Amino acid sequence: MADTPRSPAQENFDYQKIIAVVGVTLMALKFFAYYLTSSVAILTDALESIVNVVAGAIGLYALYLSAQPADRTHPYGHGKVELISSSVEGTLIGVAGVLIIYESVDRLMNPTGIRSLDFGLLIVAFAALVNFLVGYRAIRKGRKNHSLALEASGKHLCTDTMSSVGILIGLSAVMVGGWLGYDVQWLDPVMALLFGFFIIITGARVLWKSMNGIMDHSDEQLLREVLRSLNHCRTDDVIDIHHLRAVRYGMGLHLDIHMCRGT
């Protein structure tokens, strides 16, 4: 007997489970790397992982709720919860950026020594690779299945990857400088500071897209696709089409249209 194919909503929910498990595992690894190295840049990476875990849990619940069918109290379904989840995630990304900047400034003013960078860098590199692979697939799957929550989770992971790469570059320079006899440990908090600002910008973009969805901002690409489909199916007895409204709530698409028909 053939297995019943999974729905796109179930695919999204199952993949978000993977994101949640990966988030917890990588968070533990990054805090271990910070314990080994005492690097503030690695600490910022670990702090952002806390946000990943919280956002992953929120996204998991949002995808579970959005997959529920429409009912008497929610006639348009529950898909809009994905927009709320995405807005919360964007806010959390921004908060992580602020915390990173705070820690970076504090470390610039009160520098401490860095140790065991070789092991710490290997852990961060591994975490960055896993984050990128999981996040890239989440973005593709989210766009394919029209899931803003899953897409936001993927962007969050890819942002985490980029910040990790920047940290790897900065700490590699610190390590090479130490081998050559130069004290460049100030690069550690400076790199963290720069990526703190980058993370805030990314969070603001995620939040902006979510707010547009909550406010039912016009989606020109969606409207063009709807018009293309209507024109393709149009018959001779349809005189005019007007007052077209199209809005996407999660995976659900709702249309409101007036049609004038001939007698």
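I began with helix α4, where Phe132 and Tyr136 both lie, four residues apart, about one turn of the helix. An α-helix has 3.6 residues a turn, so residues three or four places apart point the same way. This is a predicted model, and I kept that in mind for every entry below.

**Aromatic pair.** I searched the whole structure for aromatic pairs and got one. The rings are those of Phe132 and Tyr136, and I noted them as stacked, 5.9 Å centre to centre with 20° between the planes. The label follows because planes under 30 degrees apart count as stacked. I then looked up the cover on each residue. Phe132 is partly exposed at 39% relative accessible area, and Tyr136 is partly exposed at 43%.

**Helix α4.** I checked the length of the helix next. α4 has 28 residues and spans 40 Å from its first C-alpha to its last, close to the 40 Å expected at 1.5 Å a residue. After α4 comes His146, and I wrote down a positive phi for His146, near 55°.

**Asn131.** Is Asn131 buried or exposed? I found Asn131 buried, at 2% relative accessibility. Asn131 also belongs to helix α4. Leaving out residues up to four places away in sequence, I listed Leu26, Lys30, Leu157, Asp160 and Thr161 as what Asn131 touches.

**Salt bridges.** I counted four salt bridges. I took the one between the side chains of Glu11 and Lys141 to begin with, at 3.8 Å from N to O. Glu11 lies in helix α1 (residues 8–37) and Lys141 in helix α4 (residues 117–144), so this pair ties together parts that are 130 residues apart in sequence. Lys141 counts as buried, with 16% relative accessibility; the cut-off for buried is under 20%.

Another entry is Lys17 with Asp14, whose closest N and O atoms are 3.9 Å apart. That value passes because the rule asks for a nitrogen within 4 Å of a carboxyl oxygen. Both Lys17 and Asp14 lie in helix α1, three residues apart, about one turn of the helix. I have Lys17 down as partly exposed, with a relative accessible area of 39%.

I also looked up Glu151, which forms a salt bridge with Arg143, the closest N and O atoms being 3.3 Å apart. Glu151 is buried, at 7% relative accessibility. Which residues do salt bridges with shared partners join into one network? I wrote down Arg143, Glu151 and Lys155.

**Surface patch.** I looked for nonpolar surface and noted a patch of about 420 Å², made by Val105, Leu108, Met109 and Trp186. I placed Leu108 in helix α3 (residues 81–109). Leu108 is partly exposed, at 38% relative accessible area; a patch residue needs over 30%.

**Whole chain.** I ended with the totals. The chain has seven helices and two strands, and along the sequence I read the pattern α-α-α-α-α-α-α-β-β. There are 263 residues in the chain, of which 43% count as buried.

Conventions:
Residues are numbered from 1 along each chain as its sequence is written. This is a predicted model: local features need pLDDT of at least 70, side-chain atom pairs count only at pLDDT 80 or more; totals for chains, interfaces and linings use all residues. Side-chain values use heavy atoms; hydrogens and water are left out. Buried means under 20% relative accessible area, exposed over 50%, partly exposed in between (1.4 Å probe, protein chains only). Patches are made of residues with over 30% relative accessible area and no salt bridge: like charges are joined within 9 Å, nonpolar side chains (Val, Leu, Ile, Met, Phe, Trp, Tyr) within 5 Å. Accessible areas come from the Shrake-Rupley method with a 1.4 Å probe; for residues, only the protein chains shown count as cover. The expected span of a helix is 1.5 Å times one less than its number of residues. Contact means heavy atoms within 4.5 Å. Rings of Phe, Tyr and Trp (its six-membered ring) pair if their centres lie within 6.5 Å; planes under 30 degrees apart count as stacked, over 60 as edge-to-face and the rest as tilted.
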